[in-house]
Amino acid sequence: MSVLNASEIVPILSGGGTRLSCHIGILQALNELNLSYRHLVGVSGGSIVAAFYAAGWPLKRIEQLALDTDFRYFKGISLTTLLRTGGLCNGNRFEQWLDALLEQRTFADLELDLHVLATDISGGGPVIFNRQLTPEVRVSAAIRYSMSIPLFFSFKSYRDKVLTDGVILSEDALHRDWSGQGLPLVCFRLKSESETRPIRTSRYLPVVSYMQMLIQTFMNAVSREYVHAEYWHNTVVVNTGEVSAVNFELTVAQKQLLYLQGYKTALDIVPRKLPQLFLPVAPVGLSPKLA
């Protein structure tokens with residue numbers, strides 16, 4: 001394995017949901033490639049990994065946490081909650097768990113500059129949480145905003161905004177000068193295929209099963225969106241196969257495979273992408289579809 005000369009980049013960990021083990025493998029590969037970063041951008045599931053790393057957690061500890069955590073613990077389902085708050089699950093248990101592990105850190109408390117993105121559905125634009133704009137906001141709250149998977153986790157209000165999953169954002173919202181110094185960006189996107197295993201329909205509450213299938217289809221469709229050619233030079237796509245972003249029943253073996261997929265993809269693709277990061281790329285349309 002060739003090691004790059006020390007270079008500073010800004011990694012963007014975009015999306016992922018419960019496939020967050022991929023992002024842990026990605027960061028491990030970046031470290032082995034001798035790439036440094038003081039800024040981390042996290043969206044949805046990627047914001048969880050980015051937050052722990054920005055808080056000073058070693059990657060081994062983050063990996064072990066992912067392996068040990070049973071995601072089903074966060075999967076409370078209630079039709080009443082859906083009707084009242086726009087999601088089958090209010091997400092409170094997830095936010096409390098995260099806040100305890102992060103020791104109630106705010107963005108001002110982090111060792112690295114973390115930028116977390118959510119989507120404002122009342123205005124349609126990005127909402128950014130970081131040390132500069134929201135130093136007093138708890139990191140766990142910002143991640144919960146960014147993790148508001150439509151119809152699954154309830155919408156959350158922040159000031160005069162109604163927030164949902166950051167993965168819905170356009171690419172322009174991700175590819176900005178996060179460092180303020182023009183440091184090159186490397187955006188990691190997770191792509192999944194349609195899951196062939198059908199969800200078992202509940203005999204008594206079939207609407208819940210149909211809602212879960214709709215959520216899964218929506219998240220899979222988002223992950224297979226086009227990448228504009230102007231961003232293709234600094235985008236790395238990690239194929240997670242048939243593992244959905246909302247699979248809360250991942251086994252330890254599946255999590256380990258996701259870690260390896262993220263690690264191997266970053267280790268292979270980033271060295272080939274890096275020379276292009278310093279060259280201007282004119283927009284010429286769309287790249288091939290992520291499918």
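Let me begin with a definition: a residue is buried under 20% relative accessible area, exposed over 50%, and partly exposed in between, with a 1.4 Å probe and protein chains only. This is a predicted model, in which local features need pLDDT of at least 70, side-chain atom pairs count only at pLDDT 80 or more, and totals for chains, interfaces and linings use all residues. Residues are numbered from 1 along each chain as its sequence is written, and side-chain values use heavy atoms, with hydrogens and water left out.

A salt bridge here is a side-chain nitrogen of Lys or Arg within 4 Å of a carboxyl oxygen of Asp or Glu. Eight salt bridges are counted under that rule.

One of them joins D99 and R138, at 2.7 Å from N to O. D99 belongs to helix α5 (residues 92-101) and R138 to the loop between β7 (126-129) and α6 (139-146), so this pair ties together parts 39 residues apart in sequence. Helices (H or I, at least four residues) and strands (E, at least two) are DSSP runs, numbered from the N terminus. D99 is buried, at 11%, whereas R138 is partly exposed, at 36%.

Another salt bridge links D113 with R131, at 2.6 Å from N to O. Both partners are partly exposed: D113 at 22% and R131 at 29%.

Finally, D160 and K161 form a salt bridge, with their closest N and O atoms 3.3 Å apart. D160 is exposed, at 63%, while K161 is partly exposed, at 27%.
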